[in-house]
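Q: Can we go through this model together? I'd like to look at a few single residues.

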Amino acid sequence: MNTTENYNSYSKWIRKIFNERVQKISVDAGFTCPNRDGSKGIGGCIYCDNITFSPNYCSNSKSITQQLDEGITFFNKKYPSQQYIAYFQNYTNTYSDLKKLEELYLEALSHEKVVGIAVSTRPDCVDNGALELLAELSKSHFVTIEFGVESTSNKTLNILNRCHSFEESKNAITKSATLGLQIGVHLILGLPDEDHSQIIGHAKELSKLPINIIKLHQLQVIKGTKLADLYFNNPDIIKLYSIEEYVDLTIDFLENLSPEIIIERFTSESPLNKVIAPKWGGLKNFEIVDKIRKRLVERNTWQGRLILSGRKT
Ligand code: SF4
């Protein structure tokens, strides 16, 4: 981490690698999810609504190239020189046979404006073949694999109906690291049944693993999900953080997270008309990042402070 900053920021890190602004651009390759089709589970994770995180151009009725072209045309007006990472985001992006995976990843990488790929998947859905394919591609391109870890507690993972354990996350991360892959993880803050000390515990657990990047998300109750039903039947099941509380929670988390880990996101931003709770007055991601930056300075603290000082919370 740059000592003049309070946390290890993804945007600065990626700009340093490419010496240019780099934008992740979502593509929907038409994958499904083993936690929806019955091979792992049925109905999916209780909070899942993939439609909330799909931009308009992103549709599996179009080819990868067409989605990239449309997405890039949108961004190109404002940032003509920026480069792109094709983000295989929807559902489970290693859930197919190897030949198909290779074809899709290579199609994205062949786009003239694309410098790399990021592949989002479940930790229980990466066999050796998929990891070796990504490792091979990473010899000539920027490649990141992103695992939906979500929690380090198996009890919570059960409540969420994730249908995998934290041990499976650890195995997938360790195997990927052995192959030299760049690894991102997703974690949700404020899950049912998790209190402040458990959330801080996630930071400590993840700091022990060979991960490079983390994306934090606040738990959102989205219309039409099982979580929404649970919430309506028993609102107390979830602690809803105010924006100020969430900012402080995130900073408490950062203080206990290895300063080597790059922070890609602090929050999710779902369409307002789909969000039941928490409602933060339509604040955009960049506004929340700004609040976190200011609060880090106010608290005179930084990522990894409690690890480096040897203090424990
Ligand atoms: S693993 Fe991902 S895509 Fe599958 S149900 Fe869970 S959140 Fe949805």
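This is a predicted model: local features need pLDDT of at least 70, side-chain atom pairs count only at pLDDT 80 or more; totals for chains, interfaces and linings use all residues.

Q: Okay. What does the side chain of Gln-303 reach?

A: The backbone oxygen of Ile-261, at 2.8 Å.

Q: Where does Gln-303 lie?

A: Gln-303 sits in a loop. Helix H10 (285-298) is on one side of that loop, and helix H11 (305-308) is on the other.

Q: Is Gln-303 buried or exposed?

A: Buried. Its relative accessibility is 0%. Buried means under 20%, so Gln-303 qualifies.

Q: And Asn-300? Where does that one lie?

A: Asn-300 is also in the loop between H10 and H11.

Q: Is Asn-300 buried or exposed?

A: Exposed. The cut-off is over 50%, and Asn-300 has a relative accessible area of 58%.

Q: What is phi for Asn-300?

A: Near 50 degrees. That is a positive value, and Asn-300 is not a glycine.

Q: Which loop holds Asn-19?

A: The one between helix H1 (10-18) and strand E1 (22-27). Asn-19 counts as exposed because its relative accessibility is 71%.

Q: New topic: the peptide bond from Ala-277 to Pro-278. Cis or trans?

A: Cis. Omega is near -10 degrees.

Q: And where is Pro-278?

A: In the loop between strand E9 (275-277) and H10.

Key: Residues are numbered from 1 along each chain as its sequence is written. Side-chain values use heavy atoms; hydrogens and water are left out. Helices (H or I, at least four residues) and strands (E, at least two) are DSSP runs, numbered from the N terminus. Buried means under 20% relative accessible area, exposed over 50%, partly exposed in between (1.4 Å probe, protein chains only). A polar contact is a pair of N or O atoms within 3.5 Å; within protein, one must be able to donate a hydrogen and the other to accept it, and residues adjacent in sequence count only if both atoms are side-chain atoms.
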